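Thanks for coming, everyone. I'll walk through one structure this morning.

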Amino acid sequence: MSTTPEYRPLGQTEMRITPIAMGCWPITGITSIDVNETDSLATLTAAFESGINFFDTAFCYGYDGESERMIARALGSHRDQIVIATKGGIHWEQGRQMRDGRPDTLRSQCEESLRRLQTDRIDLLYLHAPDPQVPITESAAALRDLLTAGKARAIGLSNATPQQLQEFAEVCPLAAYQPHYNMLQREIETSHLPWCRERNISVIVYWPLMKGLLAGHLPRNHEFAERDGRRKYPMFRGEEWHKNQDFLEQLRPIAANAGKSVAELVLNWTIHQPGITSALCGAKRPDQIRDNAGGMGWTMTPEQVSRIEQALLARGPAVSRGAV
Ligand SMILES: NC(=O)c1ccc[n+]([C@@H]2O[C@H](COP(=O)([O-])OP(=O)(O)OC[C@H]3O[C@@H](n4cnc5c(N)ncnc54)[C@H](OP(=O)(O)O)[C@@H]3O)[C@@H](O)[C@H]2O)c1
């Protein structure tokens with residue numbers, strides 16, 4: 001189902017992005033199971049056809065840049081209608097993700113991303129995560145130079161402390177911050193959001209569905225396959241898992257009453273939280289991204305919002321931990 005497009009400014013730039021974006025990590029199949037190239041390309045196309053104009057990838061999405069290459073293949077003919085965000089500063093070495101925020105590395109990864117994406121500019125280029133071995137001001141200066149050179153149209157930062165955000169922004173104009181955030185993991189509301197809102201910096205959140213948990217499709221007795229990356233997160237284990245399933249039982253009738261899926265309800269709530277600009281929704285099949293796109297283009301009633309708040313109070317906050 002296509003939805004009414006809805007756009008929000010990306011930081012202080014003239015670019016406009018949809019509040020639901022496609023996260024392009026699952027299409028590489030590194031931690032998601034049953035992924036194939038045909039479905040992945042079709043999912044990218046379905047995202048665009050559903051009104052999504054914002055695509056989030058990274059140098060390390062895929063062992064050899066598969067995610068960036070697939071974006072070029074599926075969406076190259078729509079290049080001027082989409083906003084592409086990618087990230088540098090993390091790469092793969094013998095199956096392990098390594099951080100490297102040195103200026104030379106960021107410059108060469110940017111060139112490689114441009115080649116893979118078959119484009120002459122990256123719309124939003126993030127430092128994927130600060131490198132503890134490199135002063136963040138040095139990484140920021142390298143990205144500022146890429147901005148000045150026109151290789152990137154805007155710069156972002158991900159997975160940083162408030163102090164790191166401040167130091168980065170003193171060196172390089174910052175358009176966006178990318179943390180993890182969802183109904184159950186909300187600590188940025190006090191730690192990061194006020195600072196970003198004061199400076200008109202977009203907050204683009206990852207895991208709004210907490211790796212599919214908050215789409216409400218995984219049954220309580222679901223058995224995660226050996227290769228499924230979700231097994232390592234506390235949210236999918238033991239007491240937390242059962243608390244989350246109890247919470248989903250509260251959400252289902254609210255979604256049904258709104259005539260929406262649980263994913264649509266959760267995403268709509270997320271993108272209407274003050275200071276949240278866009279939610280990055282990973283998907284590996286077209287039906288998933290179509291469902292997620294249905295999270296935008298409508299507004300909940302005050303009664304629906306209040307029922308969600310009651311369910312959240314009953315659940316309480318979950319153990320929170322980001323990806324890196
Ligand atoms: N900056 C960072 O460090 C960072 C870290 C993590 C992610 N990200 C970005 O954020 C994006 C989102 O994170 P993510 O992809 O890891 O997780 P996610 O969006 O929370 O979850 C994606 C998974 O949830 C399931 N799903 C999604 N929509 C669904 C629906 N409507 N119905 C049922 N299941 C659904 C699918 O898995 P199954 O079909 O297997 O259940 C899908 O692969 C990433 O793609 C990436 O762009 C950034």
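Start with helix α10. The cover over its buried residues includes β3, α1, α9 and β12. Some terms. Buried means 20 or more other C-beta atoms within 10 Å of the residue's own, with C-beta atoms placed from the backbone; 12 or fewer is exposed, and in between is partly exposed. Cover is counted by contact: two C-beta atoms, placed from the backbone, within 7 Å. Helices (H or I, at least four residues) and strands (E, at least two) are DSSP runs, numbered from the N terminus.

Two notes on the source. This is a predicted model: local features need pLDDT of at least 70, side-chain atom pairs count only at pLDDT 80 or more, and totals for chains, interfaces and linings use all residues. Residues are numbered from 1 along each chain as its sequence is written.

Back to α10, residues 286-293. Six of its eight residues are buried, so the rest of the structure largely encloses this helix. They are Q288, I289, R290, D291, N292 and A293.

Now the barrel. Eight strands close it, in the order β3-β4-β5-β8-β9-β10-β11-β12, with parallel pairing. Pairing here takes at least two DSSP bridges between two strands. The twist from one strand to the next averages 25°. Axes are lines fitted to C-alpha atoms, for helices over the stretch in contact, and angles run from 0 to 180 degrees between N-to-C directions.

Which residues touch the most other members of the largest nonpolar core? A21, M22, L124 and C281, out of 92 residues. A nonpolar core is a set of buried Ala, Val, Leu, Ile, Met, Phe, Trp, Tyr and Cys residues joined through C-beta atoms within 7 Å. Look at M22. Beyond four places in sequence, its contacts include L44, F55, C281 and I289.

Last, α2, residues 66-75. Its buried residues are S67, E68, M70, I71, A74 and L75. Among the elements covering them is α3 (103-117). The α2 and α3 axes come within 7 Å and cross at roughly 35°.
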